[in-house]
Every structure is written in C-alpha cells, then in structure tokens.
Amino acid sequence: MITKLETQINNMPFSLETGRLARQANGAILASLGETMVLVTAVTSGQEREGMDFLPLLVDYQEMFFGSGRIPGNYFRREVGRPSEKETLTSRLIDRPLRPRFPAGYNYDTQVIATVLSIDTEIDPDVVAITGASAALCISDIPFNGPIACVRVGRVGGDFIVNPTKSQLSDSDINLVVAGTRDAIIMVEGGALMVPEQEVLDAILFGHKALIPLLDLQDELIKREGKPKMVIPEPVLDPELIDKVRELAYEDMYKTIQVPGKIDRNRSKKLLKSEVQEKLAASYPGREREITSALEDLERELVRSMIVRERRRIDGRKYDEVRPISCSVGELPRTHGSAVFSRGETQVLVAATLGCSEDEQRIESPGGEIYKHFMLHYNFTPYSVGEVRPLRGPARRDIGHGALAERALAGVVPPVDKFLYTIRVVSDVLESNGSSSMATVCGGTLAMMDAGIPIQDMVAGVAMGLIKEGDEVVILSDILGDEDHLGDMDFKVAGTDKGITALQMDIKISGINREILSRALMQSRDARHFILGKMREVIDHPRKELSSYAPRIVSLNINPEKIRDLIGPGGKNIRGIIAETGVKIDVDDSGQVNIFSCSEKASREAIKKVKDLTKEAKVGEIYLGIVKKIVDFGAFVEILPGVDGLVHISQLDNYHVQSVKDVLREGEKVRVKVIDIDQHGRIRLSRKAAMRQQGTNNRR
C-alpha cells in the first residue's frame, strides 16, 4: 500500500511517502520539499554482535549527480571514492539527533542511508533528509524514540523564514538548522553574522515551533503504516554485583575523579578498574563487561553528584570559570601567520597561509561548481590524547570540527574583492581535553591577525555543558572532556564582542527548554568576552604588513579587448611571463590583472611585460616600431606587441617616394607617429610626422 502525506513549508509542498520504493528495507521514506527528493532507508541486522556494548549506527548521505541533470567530472564519470565534505557533514548532521533516541540495550548493527534523487538547487536537501530519516525509523520495526523533525531558519529584513531558499539565504544574517521533538530542542547547528544572543535564541525557538507540522505528518504516517517495534530487553545488572563494585571502588573512585590532570586521572581510572576486575574475577567469572559498566555508572554518579550537590567541578573550578589561557603568535618564522592557543589541557597550533586565486578550492557538486577562497582544516592528532593510531587522512570528526571552526571565522574574513588572497588556516591539535574546535577558532583568529589579514573582528569560541538531575540544572562553561562525556549537553558557541558567528548543540537527554538555552547562551557570552580579553593581550589588531614570505599582489586594469594579446596564442604570452619572472598571474573578464609574487623585483618585471603587451596606441604618440610587411602603397609597422599600423607611402618622408623599398626594409626598426585611429581601430602612422617632430631629416 502506498501512503503519501503532505503539508506546506515556506509556500512549498513537503511530503512523506512510503510503500512504493525500497520495500525490503525495515523502513523507507521518500521525503520531498519542492522538487528536491531524498530517499531515506533504515535497516537493522536484527541481532546483536558478540561483545558489542554500544550502538553500531552507520549513517550515510549521498548526492547523485543525475538528480540535477549533471554528469560527474571525474575520470570514472560516476559517484565514486570517498564522500565529499558536504556529504560527510550532512551524514553527521543526520546522525547527531538520531543517535540519542535509540533505547538503552539496543546494540544491533543499524544503517540509515539518505540518497538525494532530485535536486532543486534552491533547496538544500539536508533538513529534508533528517526528517525523512526520523520517519523511516518511526514506521520501521527498529526501536526508536521518535518522531523528531528538522528545519532550517533564516532571517531576511528582520523576518524569520523557515526552510529558506538559497537565494533567500544569500540575504540572510542567520542560517540555523534546528531539530527537535514536540516538547524540546535536541540539536542546533549553524552560523550567524555577529547576531546578538537573544536574537539567535528567538531564531531557535521560531525553528522549534515551525517543525511541529512535520511531527504531525509523521504521527499520522505512524498510525497508518507503522510496524510493531522489536522488543529489546532492557539491560539488567546484577544488584549484588553492583553493590560489590560500589563497596570495593566507591572511595577510590571518588578520589580518582579528582586527580589533577587528564593523563594522571585516566591512568588512575585504569588502575582502579584493573584492581576491581582482579578482585571480582573469581566470584564473577566472565562478567568483565558488567563490572566495567558498573564502574562507569559509579563514575558518572559521583561526577554529577559533585557538580550538582557539592557545587564544584572535578578540576575545582566554578561553574562559569574558564580554564587558564595562554597564547602566542609568530611561533613559526617561515609561515605567513601562526599562533599557539592553550586553554587548560587543550592546545592547538594554527598556521595561516596566503595564496592566489589559483589556490582556491574548487568543489564539484550536483548543484554546480563552487569556489572557496577561505578554507580551514582541522587535524586531530593521536598524540594529543596519548594514543597510537595510523595517520589516514581526516576522519568524519576532523571534517566536522573543521567546518564548525571555518563557519565561525568565515563571517569576519574580508571578501575576495577587497582582499585578493586565498586564505588557508590549518589547526593541529597538540593536546586535547575538551573543546579543541573552539580552541581552533581562537587560534585561527590569532594566526590570521599575525598574517596581517584584515579580519573585521576577533572571534573566540567556548564549549558549554549541562548537568540536569531532577529539577537541578547546572550550566558549565568551558567543559572538560569528562564533563562532556558524563554530561547532558555539548553546546559550542563562537562569536565576537558583538554577537554569535557559529554554534553547535547536541543534547543527550530528551531535550532542553527556552530557560536552559537562554542561560547557556548568556553564560557563553561572558566566557567568550573573557577569552577575547586574554587574546587581545597578545595581539589586538591585524598586523599592518604581510609576512615577508607572503606573496604580494599587484592589480592593474587593462582594456578587456587586450586580454587576448596578454594571453597570446595558446597562452604563449602569459606563460612566457610566468616562466621568465616566476610570478602567478590571474586575469578576469573585466580586464583586471592580478600579479602574485614573493619578489618585488619579479613583480616589477612582470608588470612591465604586461603593460608592454597590452599597451594601446594613442594618437600623437611616437613609437619605435618594426616593419612587418611592405606593400606597394606603404608599410605595415608593429608599434606594440600585436598592434600594427599602416604607414602610407605618402607619409614615409618629406619628399616624394617612388617605392617603399627605397626607404624601408622588412625587419627594420623605424620611428613612427600615430596620426589617426578610425572607428574600426585601424591605425594610420607617419614616419614623416615623427621626423618633423623630432627635428630629423632622413632624406636620402
């Protein structure tokens, strides 16, 4: 049976359909907004893997080029290889609100695949895919605490818009993705152009209200097509074993969670675990997983109790206190800009590099080609957490953290028409104990200022946490890794003194309300201002001069009709300049020529060659030309590269010339004066006028 339900979002039809496509999946939904269509499937293995104590959920999002009537530009002409950055980021975006909604004890292999089959380039499929994923899980037999729904929020002219088109987003100062249930917000992701906290809060709440019709749609779909859910027995721990673990480990665990320093604290935890396992091995053989689980529950209980009831954190800080900060710039002498930013036991090394337009990142997508002149790359090193693992390129987490930091800084980066350089920022995490992405934002700001990039304002970021026990709610500023792991929220907020530029919120509990969200935003603002103050103690404005190792850009404008003369046949002329001087040259259709060079001498040489190739003849000017061709009625003389003019036989000399060859020979250099340029660009030259003006007489 085919069921299709529909509602309206931003004056466009939004529909959920099931029963026609992918019928062997546990759940399948064709979700559509306008002409954008996403097929989302949910499948489970139906059985638990041996030794599995977590949810092995795999979420994959893929965009098909045929969906926009395009053929991929790679060698294979098909969607192959690793996912694009957009696909990776959207896969994470779908995963984050779904993962906490599966019940405890459900540890079956589960996969959600979202395939974009049709793309209206004005409508981003990501929020459509999230709602479709929820619907697919809800109608399937897979246990899932849904439905959830997701929308995008923009603001144009002071008015909020739900699921704005890309044209509307280009004029919007807010771009937020909001996911939630009827009662609470469970995920926020996006950016803003230095928008105050209260206005961002209003946008989030607007988005939460706007997703209610999508929840209504799913509830009706569940009534019609929902399958009975698989029965998953809740994990039951042996009360006797739990009591024994508490008896053996309570006091030592309480001391262990307060050990200063992440490495020493983790070492103490491992030692305690080993001791408890050894003491209980004989009495409870083969129960290692249960013992480990009981120890983890005990640690969680003690950490949360200390924060809520004893009103202190495991490192002794107050709720709103930021860890000690140190930062420096100019650490790497040969880079264009560099910085080291440390906050507690989190430390990043960030470098900024300047390049020309040839260094822009070209991204091929079903929606067309995109060029990025600002890039931020984040690398999470294994040694930053004392681990050993092979380096295999960026993981999904690296891409996600880098995208968040890039979004936070993109709004203050000068536009390409005012700062012609391509900018690449690279952050290597040297130590990690919470919020390395926000440290990257701080370090990226410092590195760009050190490079002399005229950013509009300084940006800092901080990660906020939440502990909620009954009616007790505690908001934590600048959370540690343990506070993230054992807490109920990870809320990253970045911005300037004026307002927010990026935020990302993930909730592990059922959701949060307006009051909690408002408190977290206000507390994050205070923390951000404190961090910005520490950064300003090191550098408070971009350097006035670029690094001596950074390329220099010189811009000049030529007549667009002379572009072909600069480029030359097959690019011969411009390649020759590049080969002789070592510069890089960009030419756009308007006639703007940008010359990139690390040497002032090379730059001057290149400018001269460009000007020589693109000079235009002027009436009244005298040129030293070369005779290219002799005809009966005169001679054609090249006065500029690729620019010829005719010297009529009557203009060769002060006397009557019988034959042009009596005066000139091909290949000979001769001074001539431009006496006329007609409407077709044809140039009339006079050797006679040039001789007269220079006071010479070459009569033979």
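Which residues in helix 4 are buried?

Modeller: The model is predicted. In helix 4, the buried residues are Glu197, Val200, Leu201, Ala203, Ile204, Leu205, Gly207, His208 and Ala210. Helix 4 covers residues 197-210, which makes 14 residues. From its first C-alpha to its last, helix 4 reaches 20 Å, close to the 20 Å expected at 1.5 Å a residue.

Helix 2 can be set beside it. Helix 2 also has 14 residues, and its first and last C-alpha atoms are 20 Å apart, again close to the 20 Å expected at 1.5 Å a residue. Helix 2 is mostly covered, with 14 of its 14 residues buried.

The largest nonpolar core holds 136 residues, and the members that touch the most others are Phe341, Met448 and Phe491. Helix 2 (residues 126-139) provides the largest share of this core, ten residues. Apart from this core lies another, of 27 residues, which includes Leu302, Ala463, Ile467 and Val474.

Leaving out residues up to four places away in sequence, Phe491 touches Val462, Ala463, Met464, Leu503, Gln504, Met505, Leu517, Ala520 and Leu521. Among these contacts is Ala463, which is listed in the core of 27 residues.

Val462 is also a contact of Arg343. Arg343 lies in strand 12, residues 337-343. With a relative accessible area of 1%, Arg343 counts as buried, because the cut-off for that term is under 20%. Again leaving out residues up to four places away in sequence, Arg343 touches Val322, Arg323, Pro324 and Ile325, then Ser435, Met438, Ala439 and Cys442, and also Gly461, Val462, Asp478 and Ile531.

A search of the whole structure finds one cavity of 30 Å³ or more, and the volume of the largest cavity is about 30 Å³. Its lining is made up of Glu17, Thr18, Gly19, Arg20, Leu21, Ala28, Ile29, Leu30 and Leu39. Strand 2 (12-18) and strand 3 (27-33) each supply at least two residues of this lining, and strand 3 gives the most, with three. By type, the lining residues of the largest cavity divide into five nonpolar, two polar and two charged.

Technical notes: Residues numbered from 1 in each chain as written. Predicted model: local features only at pLDDT ≥ 70, side-chain atom pairs only at ≥ 80, totals over all residues. Heavy atoms only, no water. 1 Å grid on protein atoms, 1.4 Å probe; cavity = no way out; pocket = protein on both sides within 12 Å on 5 of 7 lines; lining within 4 Å. Points joined across faces, edges and corners; volume = space filled by probe spheres on them. Helix = DSSP H or I, 4+ residues; strand = E, 2+ residues; numbered from the N terminus. Nonpolar A, V, L, I, M, F, W, Y, C, P; charged D, E, K, R; others polar. Buried < 20%, exposed > 50% of the residue type's maximum accessible area, 1.4 Å probe, protein only. Contact = heavy atoms within 4.5 Å. Expected span 1.5 Å × (residues − 1). Core = buried A, V, L, I, M, F, W, Y, C linked by side-chain atoms within 4.5 Å.
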